[in-house]
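Have a look at the fold below before reading on. The notes that follow walk through a sheet, a helix pair, the domains and some annotated positions.

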Amino acid sequence: QKNSFGLIGLAVMGQNLVLNVADHGFSVSVYNRTAERTHEFMSGEAKNKKITATYSPKEFVASLERPRIIQIMVKAGGAVDAVIAELKPWLDEGDIIIDGGNSYFSDTERRTKELESNKLRYIGMGVSGGEEGARFGPSLMPGGTKEAYALIEPLMSAIAAKAPEDGLPCVAYIGHGGAGHYVKMVHNGIEYADMQLIAESYALLKSTINPAPEEFHEIFTEWNNGELSSFLIEITAFIFTKSDDKTGRPLLEMILDKAGQKGTGKWTSQNAIDIGAPVPTITAAVDARILSSMKKERQEASKILSGPKNNYADERGKIIAAVRDALYASKICSYAQGMNLLKRASEEYGYNMDLGEIASIWRAGCIIRAKLLDDITRAYRSRSDLPNLLLDAGFKHAVQSRQASWRFAVKTAFELGIPAAALSASLAYFDAYRSGFLPANLIQAQRDYFGAHTFERIDTSGVFHANWKEK
Ligand code: NDP
């Protein structure tokens, strides 16, 4: 009796996905480079489930039904190539390899081409939702060999999260080559922006009205009941309730203010610049993590450089409401940037992405799941070629009606010297996008002045160059 699904890489994500797959009635074979990890898994949670341990690539492949469906969940980079190289000698024509890790999309492009040329099928699949998502329902973003998707679809639909609004599984074929991993990368870029916007909102409230942890919990809980409802706001509300076992103080206050990162946010910004799509809120979030990591230097600088001495004088209710509005309007701008990056990438790489479908599979299971994604799904469903989310009637109203308090929140941050790079990047994006005129005429004049780069005119078509030194 052979198994219907195989998974390689039994770290956190792999183990939880295997348990999820097994719970849905599929028989699974597992393999991990270090056998010890397999032993531990098999004697722990995998016990008494339809899970078979194997201890070599050959034994692993031989234990699977054909065409084989093999998912790899190992560290992104060389490990994926190493695992593919180990598997290849044992595979047969038509077998499917799925890479569910956070691989860089161009690596997935390369691997898809290589494997397809060997008559194998390759799926690069973004998986989001962390440990819990993997166990009980992740959001899945598969791309790659299209005809392979039909074969893995029943299993993926079974294990994926289901959107609360309509019960649909959070999985859809994204496009050829690295399209799935591209979408996962942008998902993570948006996640960085969401987290930074929330962190700046927290800082703004802390430096103005300094709520106690219980009040912070109440503020975020209330926000989570409205338009900001999302996984990240929900866990943030929860974070304020946790005490440190060692000191009894709020755990949040005991955590060093140095943010880590694994690189997917950076990749998003890098690629966005490469293909010419502005994502200033995401880039501000990546920069903010880098600045935070310079803790020692910041501590030294704080002894030398000082900011304004202003005290916040307005009432509590006003600032809480303004920060809420600023957070929501900024979040809309950040999603507008992320969705536009996908649109641009779809043109650049020929992915033929369906933005409404992508928004819809982010509605549950993944880290950025939010009420807002229902509205984004609707916006693209009603107009698939929407040039920008800000032009959708609902989002236009949502942002415009919050403009005054959004500006008040950002102005307060600037006046008090509170860094609010992501909130203000979103506002500047909104202001630039809605400007029929930008000062790029001066940039063009400068470029033409020093480099004879030429310019266009507002009154005549053609390309011009001026002799600037001649008055
Ligand atoms: P890790 O990224 O920590 O990877 C550990 C696994 O990779 C182990 O099974 C390890 O085997 C294997 N491995 C490492 N190098 C090699 C190699 N050269 N050859 C064979 N196997 C190797 O595990 P995670 O579960 O955290 O993540 C798996 C993938 O999923 C990653 O790409 C990650 O970015 C992505 N991901 C992770 C999420 C998370 O929340 N953790 C969320 C979404 C995606 P061994 O036991 O032998 O060391």
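Predicted model: local features only at pLDDT ≥ 70, side-chain atom pairs only at ≥ 80, totals over all residues.

## A helix over the sheet

In general, strands of a sheet pair through backbone hydrogen bonds, and they can do it parallel or antiparallel. Which sense do strand 4 and strand 5 use? Strand 4 (residues 69-72) and strand 5 (residues 96-99) go parallel, over four bridges.

## Two helices crossing

Now for helix 14 (residues 316-349) and helix 19 (residues 421-433). Their axes come within 9 Å and cross at roughly 65°, and the crossing is left-handed. On the helix 14 side, the contact is made by Ala 326, Ser 330, Cys 333, Ser 334 and Gln 337, while helix 19 brings in Ala 422, Leu 423, Ser 426, Leu 427, Tyr 429 and Phe 430.

## Domains

The chain is split into domain 1 (5-177), domain 2 (184-433) and domain 3 (439-471). Taken over C-alpha atoms, the centres of domain 2 and domain 3 are 38 Å apart.

## Annotated positions

The unreviewed UniProt entry puts its "binding site" annotation on Asn 102, Ser 128, Gly 129, Gly 130, His 187, Asn 188, Tyr 192, Lys 262, Arg 289, Arg 447 and His 453. These positions span 352 residues in sequence, and the farthest two C-alpha atoms are 48.7 Å apart, so they don't all gather at one spot.

Two of the annotated residues are worth a click. Gly 130 is found in helix 6 (residues 130-136); it is partly exposed, with 16 other C-beta atoms within 10 Å. Lys 262 is in the loop between helix 10 (231-239) and helix 11 (264-275). Is Lys 262 buried or exposed? Lys 262 counts as exposed, because it has 10 C-beta neighbours inside 10 Å and the cut-off for exposed is 12 or fewer.

Technical notes
Residues numbered from 1 in each chain as written. UniProt positions renumbered as here; feature names shortened; annotations may be inferred. Buried ≥ 20, exposed ≤ 12 C-beta atoms within 10 Å, placed from the backbone. Domains from an automatic or database assignment. Pairing = 2+ DSSP bridges. Axes fitted to C-alpha atoms, helices over the stretch in contact; angles between N-to-C directions. Left-handed = near helix turned anticlockwise from the far one by under 90°. Contact = placed C-beta atoms within 7 Å.
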